[in-house]
Amino acid sequence: MALAVAAAGRVLLRAGSRLGRREAVDGARRFANKRVLVEAEAAAGVAVMKFKNPPVNSLSLEFLTEFVISLEKLENDKTFRGVILTSDRPGIFSAGLDLTEMCGRNPAHYTEYWKAVQELWLRLYMSNLILVSAINGASPAGGCLMALTSDYRIMAENPKYTIGLNETLLGIVAPFWFKDTFVNTIGHRAAERALQLGMLFPPAEALKLGLVDEVVPEDQVQSKARSVMAQWLAIPDHARQLTKSMMRKAIADNLIKQREADIQNFVSFVSRDSIQKSLHMYLEKLKQKKG
């Protein structure tokens, strides 16, 4: 099933926190807001969600909110069967959690932020849509988590790009549902070692480990994602969706049952003076590098 771009007119949907005004332009439909661009190829039943939250596509509260709204719109529109996740900023897929949301704020803000992170993972992990990650840049921590929720992961062949859950390097701990997703992908022993050491893997190592499914030249990442999507679209939706749910539901339910406790654990942990000091020092180092 070829993923041809629709010849019908585009609709550009621009929004702040609500997806609002529409404009007609040429090509595929687009849903756009400040931090997520959705190129909706309706004729193919596929949408491309591009992260555009400069400078490094960090998972800020605003990004998380806009992303979930955009994904929900696609899931509620039966035109779409698959989504390609990628970055509008080649070189960085997503740098992961926004540390400024976790430093120097109050417990109410930490609660709101962690709920949004949980919601992002639950929505992606249990989505009925086919999700293919076209990883066209570095993907540490939360960026890796987003990729892990996908049904298939394609990474650009560039040794400068790395992927992994490196939370321990920042003095923080990946929560159990990060860990569960990681273990299900690369196995218990490999995950245990990688999580403790905060390891980040270049494309060739990530492929060998099973963290990504395919590595291709950088200029072929998007086209490969479309050809892979075509293979998945050939499978009847109901059978694929039920199988996906069967494989993933227990992991998702584990978070759902402990969601409030997980939030309280996060708020308690991140509020510690030692953690705040570590995060503050790391953010100061980043500022010095930019300077």
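Me: How many bridges join β7 to strand β10, and which way do they run?

Reply: Four bridges join β7 to β10 (residues 130-135), and the two strands run parallel. Strands here are DSSP E runs of at least two residues, helices are H or I runs of at least four, and both are numbered from the N terminus. Two strands pair if DSSP finds at least two bridges between them. This is a predicted model, where local features need pLDDT of at least 70, side-chain atom pairs count only at pLDDT 80 or more, and totals for chains, interfaces and linings use all residues. Residues are numbered from 1 along each chain as its sequence is written, and side-chain values use heavy atoms, with hydrogens and water left out.

Me: Which residues in β10 are the bridge partners of Leu85 and Val83?

Reply: Leu85 has Ser133 as its bridge partner in β10. Val83 has Leu131.

Me: Is β7 buried or exposed?

Reply: Buried. Six of the six residues of β7 (residues 82-87) are buried, so the strand is largely enclosed by the rest of the structure. Buried means under 20% relative accessible area, exposed means over 50%, and partly exposed is in between (1.4 Å probe, protein chains only).

Me: Which way do the residues of β7 point?

Reply: Gly82, Ile84 and Thr86 point one way. Val83, Leu85 and Ser87 point the other way. In a regular strand the side chains alternate between the two faces of the sheet.

Me: And what about β10? How many of its residues are buried?

Reply: Six of the six, so β10 is largely enclosed by the rest of the structure. Ile130, Val132 and Ala134 point one way from β10, and Leu131, Ser133 and Ile135 the other way.

Me: What else pairs with these two strands?

Reply: Strand β5 (residues 46-51) runs parallel to β7, joined by six bridges. There, Ala47 has Val83 as its bridge partner in β7. β10 also pairs with strand β12 (residues 152-156), in the parallel sense, over four bridges. Ile135 stands opposite Met155 in β12.

Me: What order do the strands of the three-stranded open sheet come in?

Reply: The order is β8-β11-β13, with parallel pairing. β8 (91-92) and β13 (163-164) are the edge strands, and each pairs on one side only. β11 (residues 137-140) is joined to β13 by two bridges. Ser139 has Ile163 as its bridge partner in β13.

Me: New topic: helices. At what angle do α1 and α2 cross?

Reply: Roughly 30°, and the axes of α1 (residues 61-76) and α2 come within 10 Å. That makes α1 roughly parallel to α2. Axes are lines fitted to C-alpha atoms, for helices over the stretch in contact, and angles run from 0 to 180 degrees between N-to-C directions. Angles under 35 degrees count as roughly parallel, over 145 as roughly antiparallel, 65 to 115 as roughly perpendicular, and the rest as oblique.

Me: Left-handed or right-handed?

Reply: The crossing of α1 and α2 is left-handed. A crossing is left-handed if the near helix is turned anticlockwise from the far one by less than a right angle, and right-handed if clockwise.

Me: How does α2 pack with α9?

Reply: α2 (residues 107-125) and α9 (residues 259-270) pack at an angle of about 130°, with axes 9 Å apart. That makes α2 oblique to α9. This crossing is right-handed.

Me: Which residues meet there?

Reply: From α2, they include Tyr110, Trp114 and Leu122. From α9, they include Ile263, Phe266 and Val270. Contact means heavy atoms within 4.5 Å.

Me: Which residues of α4 are buried?

Reply: In α4 (residues 176-186), they are Trp177, Phe178, Asp180, Thr181, Phe182 and Ile186. What covers them includes α2, α8 (237-257) and α9. Just after α4, Gly187 takes a positive phi of about 95°.

Me: Is Lys208 buried or exposed?

Reply: Lys208 counts as exposed, at 80% relative accessibility. Its place is in helix α6. Lys208 and Ile186 are 22 residues apart in sequence and 9.7 Å apart in space, C-alpha to C-alpha.

Me: Last one. How many helices and strands does the protein have?

Reply: Ten helices and 14 strands. Of its 291 residues, 51% count as buried.
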